[in-house]
Amino acid sequence: MTTSSTQAPAIAVTGATGHLGRLVIHALLDRGVPAGSVAALVRDPAKAEDLAAQGVVVRHADYHRPETLAAALDGIQKLLLISSNDFDDRPGQHRNVIAAARDAGVQLLAYTSILNADTSTMQLAADHQATETILRDSGVPFALLRNGWYTENYTGNLAQSLPHGVLLGAAGDGQLTPAPREDYAEAAAAVLSTDGHANATYELGGDTPVTLADIAGEISRQTGQPYAYVNQSVPEYTAALTGLGLPGSLAAVFADSDAGIARGELSTHSGDLSRLIGRPTTPLPDAIGAALKG
């Protein structure tokens, strides 16, 4: 399925029906980019009917099926490659998109990497490091959007965790600089809709470092319910996540990410995010308040 439009799209967003992808498209429209200039690249076009109704061009694209990508990228000048949420050979999936972008003559490919990717020792960083190498070697002009943690990582499942009164983790008193997805989406939209970002690297995160204890304390303050951070060892936290139903391999990756927080690998003082969005990043209390309001 491809929607018709009198104006050929120049900007494309992969994973456009995901949480971040939808926010990026909305941010592009809010910045005044015409809907017909934006292509939503999706595996299931039926899930993008709301975007099509707004005039956004919907194109079928599947990271696993290279044959879908040439048509999806036809005429595209700038592409946002949102990292795959399928952990089965993510660099291979990304390679397919990057190769198609090169063949299509895409002038800028922005990729959602991970904060401090070049120095991070987190397991989760390995796929991003591999993808960044593929992108650099491709010859396609790029922008690395090295996203830090989303505030939603801690507010997205409050309905399940709040009654238990604890936020489990293995980050100790390590600091991180989270921001809401919407802030990262605005940054991506800024890069896609303005010039001067070729071969740039942005370390993206909130303005104010916090600990997991700070996050739990703010949630407790706003809800009026007991909610405290309980620090565990990495093996203990892995077992706890497995007990909650996560596959063992994924639980290990998440627990290892907390160890990365303890080492400071998900914290930045770059200021890149606030500069790109033209305002301070959303403060933690505001982000939590918005999440609690739904």
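A salt bridge here is a side-chain nitrogen of Lys or Arg within 4 Å of a carboxyl oxygen of Asp or Glu. The structure holds 14 of them. This is a predicted model: local features need pLDDT of at least 70, side-chain atom pairs count only at pLDDT 80 or more, and totals for chains, interfaces and linings use all residues. Residues are numbered from 1 along each chain as its sequence is written, and side-chain values use heavy atoms, with hydrogens and water left out.

| Pair | N to O distance |
|---|---|
| Arg 90 and Asp 127 | 3.2 Å |
| Arg 146 and Glu 203 | 2.7 Å |
| Arg 221 and Glu 218 | 2.6 Å |

Helices (H or I, at least four residues) and strands (E, at least two) are DSSP runs, numbered from the N terminus. Buried means under 20% relative accessible area, exposed over 50%, and partly exposed in between (1.4 Å probe, protein chains only).

Take the salt bridge of Arg 90 and Asp 127. Arg 90 sits in helix 4 (residues 90-104) and Asp 127 in helix 5 (residues 125-138), so the pair ties together parts 37 residues apart in sequence. Arg 90 is buried, at 5% relative accessible area.

Arg 146 pairs with Glu 203. This pair links distant parts of the chain, strand 6 (residues 142-147) and strand 8 (residues 200-204), 57 residues apart.

Arg 221 and Glu 218 share helix 9 (residues 212-223) and lie 3 residues apart, about one turn of the helix. Glu 218 is buried, at 12%, whereas Arg 221 is exposed, at 58%.

Salt bridges with shared partners also join Asp 118, Glu 132, Arg 136, Arg 146 and Glu 203 into one network.
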